Amino acid sequence: MADSSVPPRPPRPRNPLRVALRFAFRVVVGIVILLDELVRPLYRPLLDWLAALKLVQRFEAWVGGLPAYAVLVLIAVPYGVVEPVKFLALIHIANGHVRTGTFLFLLAHLVSFVLIERIFTAGKAQLMTVRWTAYVIETAASVHRSVSEWLRLAELKRRVRALWRWARLRLR
C-alpha cells in the first residue's frame, strides 16, 4: 500500500549542458537534412535501382536478421573508412588536385549514401531496440518533420520540379 502522505518529488532542474547539447544536435541534424534534401534528387534513382537488385535484397535480408549491435557495426565500418577518405579528398583539393579530390570526395559521399542507406533501411527495426539509437533516430525524424514544415519543403520541392520542367521545355 502506497503512503499518500509523501509529497511528490519536484521536477529536477534541467541541466544546461544537456539542453545545449540537445539544441546543437538538433541544429546539426537540421543542416544535414537540408543538405540531404538538396542532393536527394541526384542519388534517389540510384538508390531505387540498387534496392531492386537481387543481391542487394539478399544483403538487406541478411542485415535484417542480425542483432542490433551487429547492425551498428555494419554502419560504423563504412563511416570509419569513408570519413577519412573525404578528409583526404579535401586535402587533395587544397593541394591543387581539384579533379581528383572532387571525384574522390563525391565517390566517398556516394558510397556512404548508398551503403549506409541500405544498411539502415534493413536494420532499422533492430536499431530501434537500442535506447540511444532509438533516441537519435526519433530525434532526427522529429527535426526532419520540423524543418520540412518550417521550410515548407513539400511546397518548395513542388515548385522546384515545376520550374525544372519549365526550364527543360524552354531550353529544348
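Helices H3 and H4 run roughly antiparallel to each other, because the angle between them, about 170°, is over the 145 degrees that sets this class. The model described here is predicted. Helix H4 also packs against H2 and against H1, and the largest pocket has a volume of about 1,400 Å³.

**Packing of H3 with H4**

- The axes of H3 and H4 lie 9 Å apart.
- In the contact of H3 with H4, 22 residues are nonpolar, 7 are polar and 1 is charged.

**Packing of H2 with H4**

- Helix H2, which spans residues 54-64, packs on H4 at an angle of about 30°, and the two axes are 8 Å apart.
- H2 is therefore roughly parallel to H4, since angles under 35 degrees fall in that class.
- The crossing that H2 and H4 make is right-handed.
- On the H2 side the contact is formed by Val 56, Phe 59, Glu 60, Val 63 and Gly 64, which meet Arg 118, Ile 119, Ala 122, Gly 123 and Gln 126 of H4.
- By class, the residues in this contact of H2 with H4 comprise 5 nonpolar, 3 polar and 2 charged.

**Packing of H1 with H4**

- H1 and H4 pack with an angle of about 60° between them and with their axes 10 Å apart.
- This angle makes H1 oblique to H4.
- H1 passes H4 in a crossing that is right-handed.
- From H1, the residues Asp 36, Val 39, Tyr 43, Arg 44, Leu 46, Leu 47, Leu 50 and Ala 51 take part, and they meet Leu 110, Phe 113, Val 114, Glu 117 and Arg 118 in H4.
- The contact of H1 with H4 holds 9 nonpolar and 4 charged residues, and no polar ones.
- Arg 118 of H4 is listed in the contact with H1 and also in the contact with H2.

**The largest pocket**

- The volume of the largest pocket is about 1,400 Å³, and 34 residues line this pocket.
- Closest to the centre of the pocket, among these lining residues, are Val 32, Tyr 79, Ile 116, Phe 120 and Ala 140.
- At least two lining residues come from each of the helices H1 (16-52), H3 (68-94), H4 (98-127) and H5 (131-151).
- H1 gives the most to the lining, supplying 11 residues.
- The lining of the largest pocket consists of 22 nonpolar, 5 polar and 7 charged residues.

Key: Residues are numbered from 1 along each chain as its sequence is written. This is a predicted model: local features need pLDDT of at least 70, side-chain atom pairs count only at pLDDT 80 or more; totals for chains, interfaces and linings use all residues. Side-chain values use heavy atoms; hydrogens and water are left out. On a 1 Å grid over the protein atoms alone, a cavity is a set of points where a 1.4 Å probe fits but cannot get out, and a pocket is an open set with protein on both sides within 12 Å along at least five of seven lines; lining residues have an atom within 4 Å of a point. Grid points are joined across faces, edges and corners, and a volume is the space filled by probe spheres set on the points. Helices (H or I, at least four residues) and strands (E, at least two) are DSSP runs, numbered from the N terminus. Ala, Val, Leu, Ile, Met, Phe, Trp, Tyr, Cys and Pro count as nonpolar, Asp, Glu, Lys and Arg as charged, and the others, Gly among them, as polar. Axes are lines fitted to C-alpha atoms, for helices over the stretch in contact, and angles run from 0 to 180 degrees between N-to-C directions. Angles under 35 degrees count as roughly parallel, over 145 as roughly antiparallel, 65 to 115 as roughly perpendicular and the rest as oblique. A crossing is left-handed if the near helix is turned anticlockwise from the far one by less than a right angle, and right-handed if clockwise. Contact means heavy atoms within 4.5 Å.
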